[in-house]
Amino acid sequence: MKLLRRLFPHPLLTLLLTLVWLMLVNRFSWNSVIFGFFLGVLIPFVISPYWPGMSRVRHTIKIVEYILVVIYDIMVANVTVARLILFKSNADMKQAWISVPLRLRTPEAITTLAGTITLTPGTVSCDLSSGGHYLLVHCLHAPEPEKVRQGIIDRYESRLMEIFE
Amino acid sequence: MAQIADYLTAVFLVIGGFFGVVGSFGLIKLGDSMSRLHAPTKATTLGVGGVLITSLLHSYAIEGYLSVHELMITLFLFLTAPITALFIAKAHIHRHREDYDLPETGDDTCWAVLEKEEVVAEPLSDSLEDMKPTE
């Protein structure tokens, strides 16, 4: 068991690397599965000394759920923002800076949250406070900034809490 | 079957094109740099997404093999787009720190990009000092 742990420090990363290799090859064959798996074992093994605090990710189902939620949000928000750009004059846009308090502590989780916020249109994550406790987010049009902040916390941060911490 | 695939590729191509145009139009129309930053993040998500779905569909239904390179492109775009946006935003805040009324940061001193240069530079120069060969 201990040997297994040492060989596969991050089983999900191994799986991901194998999948990425297969997708890069773009044609299914057992040869590339084996080589992809070899890379998936080798790369985490080699980089683990350089990435000591690498957080272990749990709940694979939750990750899939999170990705689906984000994709759905991207589509809905894209339509909203397209309507804003086309039918709203610049003077009517209520831009807002909001600061999102972070309960997440691992760098990987914060990076994921910041990336998600930028990808969902209408919000761009701009900066982190010096101690890493707040995330600065710019909103294109937010008449109620409090609502946007609560939305980010409920929809993304709570899910990431379950995945990463 | 081929007919349906044709229509579907056309629909996705039009959707992708539409959002691409809206994103680029936003880049011209919006007033200041911070809101302009919102436009490119849009174009990469649904605009490019539509075109990539089209390509996936076309290779599967018409050319007869499944190509998944499009999924890789999506993945890499999703990884790189936020980082570009973050860098532009940070540079912008740094240069226009007086123009904005940024929210408070609670217990932390300030936003990371506005931290005093000495605080950031000191550990770096120390480590450079350490690396100098002693004679």
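A helix here is a DSSP run of H or I with at least four residues, numbered from the N terminus. The model shown in these close-up views is predicted.

View 1. The side chains of E146(A) and R149(A) meet in a salt bridge, with an N to O distance of 3.0 Å. Because the two residues lie three places apart in helix α6 of chain A, about one helical turn separates E146(A) from R149(A). An α-helix has 3.6 residues a turn, so residues three or four places apart point the same way. E146(A) is partly exposed at 47% relative accessible area, and R149(A) is partly exposed at 21%.

View 2. E162(A) pairs with K62(A) in a salt bridge whose closest N and O atoms are 3.4 Å apart. This pair links distant parts of the chain, since E162(A) belongs to helix α6 (residues 145-164) and K62(A) to helix α4 (residues 60-87), 100 residues apart. E162(A) has a relative accessible area of 40% and is partly exposed; K62(A), with 28%, is partly exposed.

**View 3. A salt bridge between chains A and B.** K90(B) and D127(A) form a salt bridge through their side chains, 2.9 Å from N to O. The pair crosses between chains, from helix α4 of chain B to strand β2 (residues 123-128) of chain A. With a relative accessible area of 26%, K90(B) is partly exposed, whereas D127(A) is buried at 2%. Over all chains, the whole structure holds six salt bridges.

**View 4. Helix α4 of chain B.** This helix covers residues 69-95, and its 27 residues should span 39 Å at 1.5 Å a residue; the end C-alpha atoms are 39 Å apart, which agrees. Its buried residues are E70(B), M72(B), A81(B), P82(B), A85(B), A89(B), H92(B) and I93(B).

**View 5. Strands β1 and β3 of chain A.** Strand β1 (residues 96-101) is mostly covered, with five of its six residues buried. Strand β3 (residues 134-139) runs antiparallel to β1(A), and six bridges join the two. W97(A) has H138(A) as its bridge partner in β3(A).

**View 6. A nonpolar surface patch on chain A.** The patch is formed by F35(A), F38(A), L42(A), I43(A), F45(A) and V46(A), which together have about 520 Å² of accessible area. V46(A) sits in helix α3 (residues 30-47) of chain A and counts as partly exposed at 45% relative accessibility.

How values were computed: Residues are numbered from 1 along each chain as its sequence is written. Chains are lettered from A and ligands numbered from 1 in the order in which they are written. This is a predicted model: local features need pLDDT of at least 70, side-chain atom pairs count only at pLDDT 80 or more; totals for chains, interfaces and linings use all residues. Side-chain values use heavy atoms; hydrogens and water are left out. Buried means under 20% relative accessible area, exposed over 50%, partly exposed in between (1.4 Å probe, protein chains only). Two strands pair if DSSP finds at least two bridges between them. The expected span of a helix is 1.5 Å times one less than its number of residues. Patches are made of residues with over 30% relative accessible area and no salt bridge: like charges are joined within 9 Å, nonpolar side chains (Val, Leu, Ile, Met, Phe, Trp, Tyr) within 5 Å. Accessible areas come from the Shrake-Rupley method with a 1.4 Å probe; for residues, only the protein chains shown count as cover. A salt bridge is a side-chain nitrogen of Lys or Arg within 4 Å of a carboxyl oxygen of Asp or Glu.
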